[in-house]
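Have a look at the structure first, then follow the steps.

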Amino acid sequence: MIDILKVSLIFVFIVFLLRRKINIGYALIAGSLLFFILYPFHLKKTGIALFNALISHTSINLYLSLTLIKSFEYSLRQTGLMQKMTEASQSLLGNKKLSIISMPLVMGMLPSLGGAYLSAPMVDSATKNLNMAKEEKAFINYWYRHPWELILPLYPGIVLASAVSGVHLRELIILNLPAAMILFLAGFVLSMRNVKDKNQLSTSNRNFKSLYSFIPIILVLFPVIVFKIDLYISFIFNIILLCLYYRKSFKEILSIIKHGFTSDIFYLVIGVIIFKEMLQVSGAVDGIARAITQSGIPYLIVFTILPLFVGLITGITIGYVGSTFPLIMTLKQTLPYEISIAFVAGYLGVLISPLHLCLILTKEYFKANIIGMYRKIIPGCCIILCIALIEFVILRYYS
């Protein structure tokens with residue numbers, strides 16, 4: 001219980017700093033320093049662990065990916081392809097709401113680090129002439145990136161959950177499918193209410209030639225998905241390819257690449273890596289997991305609260321799967337629908353976590369008020385949880 005209180009205090013402090021409009025990177029670093037006050041550490045071992053985390057392949061990949069996402073987005077704007085993609089989606093779909101959510105949905109199929117930063121300008125462009133608050137735009141970009149992680153095996157979380165629990169991947173995907181569908185539908189209830197589909201086009205009036213504007217996106221996704229190439233390598237290749245095709249000078253190419261290298265991204269990555277490492281090194285995650293599992297509360301509550309809470313404090317799917325699923329598997333012989341409710345509950349924790357990178361990046365891009373975003377995110381998560389619990393009760397009754 002003491003770990004829950006300590007980590008809660010740290011989160012309150014971070015949220016306080018965010019409300020004071022402190023840069024998220026600085027807020028996370030400040031929150032990390034509180035661990036040294038609240039937990040005992042072996043300074044040398046902790047220093048080595050932090051250093052190794054910061055120079056790890058994951059950290060470098062994260063920094064380069066986030067940086068080059070901004071460069072790639074800038075190259076799309078400089079070549080006019082960003083506007084053409086927006087116009088193409090509006091023309092081909094013939095439905096304003098679908099055209100607005102199309103790019104977050106497409107980008108969300110790729111488990112990229114910080115992909116929300118790539119779809120954000122496209123949502124911004126698609127909603128340019130609408131009377132829509134920046135918090136609503138941010139919600140749309142954030143929300144519609146995330147149906148896929150519940151059901152798409154390109155994401156490591158669901159693959160890890162299947163491996164740890166022994167539930168077949170196909171079965172887990174089917175069990176998670178209602179939650180993914182409700183996530184998709186809830187977005188229409190919580191946003192875009194005032195968007196009117198006045199200019200719907202017949203198929204004959206749609207310009208399918210405009211699909212060429214999506215080629216750069218396909219060229220980014222294809223090598224990552226098919227050949228498992230690191231995202232930043234794919235971005236470098238495609239930025240150079242775009243610049244050469246549009247005959248940009250060497251100076252212009254350097255300017256486009258340099259555009260992404262900003263201090264806010266640097267401190268953001270530093271803050272995220274250090275904070276997540278401090279959660280692990282301090283033993284906070286393990287302590288919270290033990291406190292909940294040893295409390296004697298009913299299994300259903302454990303299977304929902306434990307993954308949800310750890311998802312909340314880590315902000316990453318593999319974080320709650322890796323740390324809580326081995327624990328809940330020891331409590332009893334688990335059934336597939338119990339693993340599904342645990343996965344969905346943990347994922348909802350990730351969706352509302354202030355450490356979730358997509359939430360951080362979307363908030364930063366739109367300069368949105370995070371409380372305004374939560375006014376839509378939290379009701380959406382409550383709807384999903386209710387549906388997941390109904391599914392759980394039905395399957396338990398008929399099994």
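**Exercise 1.** Find which element gives the most to the lining of the largest cavity.

*Solution.* Start with the residues themselves: Asn-23, Ile-24, Tyr-117, Asp-264, Ile-265, Leu-268, Leu-361 and Glu-364 line the largest cavity. (On a 1 Å grid over the protein atoms alone, a cavity is a set of points where a 1.4 Å probe fits but cannot get out, and lining residues have an atom within 4 Å of a point.) Next, look for elements that supply two or more of them: these are α14 (263-281) and α19. With 3 residues, α14 gives the most. Helices are DSSP runs (H or I, at least four residues), numbered from the N terminus.

This is a predicted model, in which local features need pLDDT of at least 70 and side-chain atom pairs count only at pLDDT 80 or more, while totals for chains, interfaces and linings use all residues. Residues are numbered from 1 along each chain as its sequence is written, and side-chain values use heavy atoms, with hydrogens and water left out.

**Exercise 2.** Work out how α6 and α7 are oriented to each other.

*Solution.* First take the geometry: helix α6 (residues 96-108) packs with α7 at an angle of about 175°, and their axes are 8 Å apart. Axes are lines fitted to C-alpha atoms, for helices over the stretch in contact, and angles run from 0 to 180 degrees between N-to-C directions. The two helices are therefore roughly antiparallel (angles over 145 degrees; under 35 is roughly parallel). Then find the contact (heavy atoms within 4.5 Å): Lys-96, Ile-100, Met-103, Pro-104 and Met-107 of α6 meet Leu-118, Ser-119, Met-122, Val-123 and Ala-126 of α7. Of these contact residues, 8 are nonpolar, 1 is polar and 1 is charged.

**Exercise 3.** Now do it for α4 and α7.

*Solution.* The axes of helix α4 (residues 57-78) and helix α7 (residues 116-126) come within 8 Å and cross at roughly 30°. Therefore α4 and α7 are roughly parallel to each other. The contact involves Ile-69, Lys-70, Phe-72, Glu-73 and Leu-76 from α4, with Tyr-117, Leu-118, Pro-121 and Met-122 from α7. Sorted by type, the contact has 7 nonpolar, no polar and 2 charged residues.

Methods
Parallel < 35°, antiparallel > 145°, perpendicular 65-115°, else oblique. Nonpolar A, V, L, I, M, F, W, Y, C, P; charged D, E, K, R; others polar. 1 Å grid on protein atoms, 1.4 Å probe; cavity = no way out; pocket = protein on both sides within 12 Å on 5 of 7 lines; lining within 4 Å.
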